[in-house]
Amino acid sequence: MEDRFLYSEADDTIFIKIEGNATMKNSKTLSDLLAEIFKGEKKNLVFEMSDCNYLDSTFLGLIAKCALEIKKTWNSTLYIMNASNMVLSGLKQTGIDKFVEKIEDSSLQLKASELEKQDFGDKKEKTLHILEMHKTLMELNEKNKETFQNVVNMIEKDLNK
């Protein structure tokens with residue numbers, strides 16, 4: 001299965017279907033879209049994840065950032081729909097599950113368009129993005145602080161070279 005994001009809007013809800021592997025490599029595409037979404041009117045935001053095979057820690061950080069931003073900007077909740085056990089496990093291990101609402105609906109049929117892939121302008125932009133997502137995870141709880149502190153230290157050291 002190709003790694004991609006499908007976008008659909010219905011009434012006051014935005015659906016983003018995440019297919020394949022959701023990783024640092026493709027997180028900029030979704031990160032840029034979310035930045036635009038948060039500039040607009042309040043919407044319900046749903047990540048449909050039935051076809052998501054894998055999440056890395058950078059992408060988990062992006063989900064956490066989105067969940068926190070929705071709460072702060074719109075006093076609302078990020079919805080995770082039809083998540084596999086693997087996705088649910090990643091959300092639970094990092095504590096993100098406490099900041100999102102999980103829903104199941106296998107009957108949903110969307111007319112969605114594929115998002116155009118965005119890439120990082122350079123290595124520094126990519127590194128700063130990875131750093132931000134891991135710092136977001138660290139803010140969620142003490143366990144994440146311990147888990148990701150070495151990663152953040154390494155990234156910061158690399159940036160200061």
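Are phenylalanine 5 and phenylalanine 59 buried or exposed? Phenylalanine 5 is buried, as is phenylalanine 59, where buried means under 20% relative accessible area, exposed over 50% and partly exposed in between, with a 1.4 Å probe and protein chains only. The model is predicted, so local features need pLDDT of at least 70 and side-chain atom pairs pLDDT 80 or more, while totals for chains, interfaces and linings use all residues. Residues are numbered from 1 along each chain as its sequence is written, and side-chain values use heavy atoms, without hydrogens and water.

Two aromatic pairs are present in the structure; rings of Phe, Tyr and Trp (its six-membered ring) pair if their centres lie within 6.5 Å, with planes under 30 degrees apart counted as stacked, over 60 as edge-to-face and the rest as tilted. Phenylalanine 5 and phenylalanine 59 make a stacked pair, at 5.9 Å centre to centre and 15° between the planes. Because phenylalanine 5 lies in strand 1 (residues 4-10) and phenylalanine 59 in helix 2 (residues 57-74), this pair ties together parts 54 residues apart in sequence. Helices (H or I, at least four residues) and strands (E, at least two) are DSSP runs, numbered from the N terminus.

Phenylalanine 38 and tryptophan 74 form a tilted pair, with 5.1 Å centre to centre and 50° between the planes. Phenylalanine 38 sits in the loop between helix 1 (24-37) and strand 3 (44-48), and tryptophan 74 in helix 2, 36 residues apart. Phenylalanine 38 is buried at a relative accessible area of 15%, and tryptophan 74 is buried at 9% relative accessibility.
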